[in-house]
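Here's a quick look at one structure, with a few residues and a surface patch picked out. Have the sequence and coordinates handy.

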Amino acid sequence: MQPIHVLLLIAVYFGILIFISYLTGKEDSNDSFFRANKSSPWFLVAFGMIGASLSGVTFISVPGDVGSGMFGYMQVVFGYLFGYFVIAFVLMPIYYKLNVTSIYEYLGDRFGIVSHKTGALFFFISRVLGSAFRLFLVASVLHEYVFKHWAFPFPLTVIISVALILLYTFRGGVKTVVWTDTIQTLLMLVALIVTIVLIYQQMGWGLGDFIGSDAIKKYDKIFFFDDILAKNHFLKQFLGGMFIAICMTGLDQDMMQKNLTCKSLKDAQKNMVTFSIVLVFVNFIFLLLGALLFVFAETKGISVPVIDGVVKTDLLYPEIALHSDLGLSVAIFFILGLIAAAYSSADSALTALTTSFCIDFLNIEKRPEHTQKRTRKKVHIGMSVLMILVIICFYYVLNQSVISGILTVAGYTYGPLLGLFAFGILTKHKIKDKLVPYVAVASVLISYILANLPSEYLGGYKFGYELLIYNGIITFIGLVLIRRQ
């Protein structure tokens, strides 16, 4: 597939999204932008959230990570499942009872304005970094396989990518995102299925041949119970996944904003339970795709791409989809799936950042009514510029697996949120509100020091994704120390 053909696909794809934006953004009110008028069908939100949760990271980086020879990521996914149930039956009732627009309003109601601002700030940092990670991955692929052909500099690729999101979310906000996420999820899953089916055909396999073959055996180990000190031990991965789900979905304005557009708490809970069960199966299929890609590459003599002397397993899927003999259909659906996977998380993130900044920091609802819409639009543009700058910075400093990077960052920035919400829900204590930022920052610093201690100092123990839990516990202890008598 030639770069010009990819460019035409992108143009058609975004033409459809902009048309949807036109239909859903006619009202152009803040209530529609922030809350979708509380009218979203729960099943539509559930389906769209699959794409938003998976994103371009799962689409490329999870299959690429299978190259390490393991399906161990499923241990994290099983943890996600339990985390989503906690969200549905513990957190959602609180949010619906308070009728919040930003979930960090709960912290203000429970502790005070400084806690509210602190929680919102940590979300802001977490979401900017997380979304920038995701868009960085997709911009890298588009740059390598499309825009580089015309000698575009990488920053220009990033500007184009973010500008397209701004274009179709500018008026409708979360109301548009609920509908565009549905289309994006569908395209991503179709790309996944088409790729698997055509690789099966190329290899001459029947439906169950690969799963039962010797070829998958070096990739198919899921559970690791051997060494409790190792990063990949089941208990660490499971608990880490559980609390990552609670934090990166339940305590994240981006993911919860769409849930809060459902008509009732019952609808929102049905959405969360349905979505969480389906997500387990979808993640497994992505790992299966990863094993297929490595076996196919080995059989066909396709090398894993190397950039600046570094092996990039994240780029194996695009390399096979665009440069192998699987056919034009795989290339087309890969491009559509990649774009859909990336933008299904990026568009909601941009909307959520705008919402949080307007509600949590600018108190937009208390401003004169005639200025509210104009303020929201200025903030939305500002968030887009910020995203562009952060992605460009990543281009020069990022040197690790993208999914590993996202979950590592989450371990630090979501920990204080976990501690704050846990303290608010599990205790009845009031706290010295002005000291909360110091506790949150101290928790991140202590967690960072712990994570970077040589393992021999800890008896051979190595921190994995469970670092998030320790971070939350440290914050919780800090809040105990500043509680009011």
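Ser115 counts as buried because its relative accessibility is 0%; buried means under 20% relative accessible area, exposed over 50%, and partly exposed in between (1.4 Å probe, protein chains only). Ser115 sits in helix H6, residues 113–145; helices here are DSSP runs (H or I, at least four residues), numbered from the N terminus. Setting aside neighbours within four places in sequence, Ser115 has contacts with Leu107, Ile431, Asp433 and Val436, where contact means heavy atoms within 4.5 Å.

A word on provenance: this is a predicted model, where local features need pLDDT of at least 70, side-chain atom pairs count only at pLDDT 80 or more, and totals for chains, interfaces and linings use all residues. Residues are numbered from 1 along each chain as its sequence is written, and side-chain values use heavy atoms, leaving out hydrogens and water.

Phe85, Phe89, Val90, Ile277, Phe281, Ile425 and Leu426 make a nonpolar patch of about 670 Å². Helices H4 (73–98), H11 (265–300) and H16 (415–426) each give two or more residues to that patch, and H4 supplies the largest share, 3 residues. Patch members have over 30% relative accessible area and no salt bridge, with nonpolar side chains joined within 5 Å; a salt bridge is a side-chain nitrogen of Lys or Arg within 4 Å of a carboxyl oxygen of Asp or Glu.

Val278 is 187 residues from Leu91 in sequence, and their C-alpha atoms are 21 Å apart in space.

Conventions. Patches are made of residues with over 30% relative accessible area and no salt bridge: like charges are joined within 9 Å, nonpolar side chains (Val, Leu, Ile, Met, Phe, Trp, Tyr) within 5 Å. Accessible areas come from the Shrake-Rupley method with a 1.4 Å probe; for residues, only the protein chains shown count as cover.
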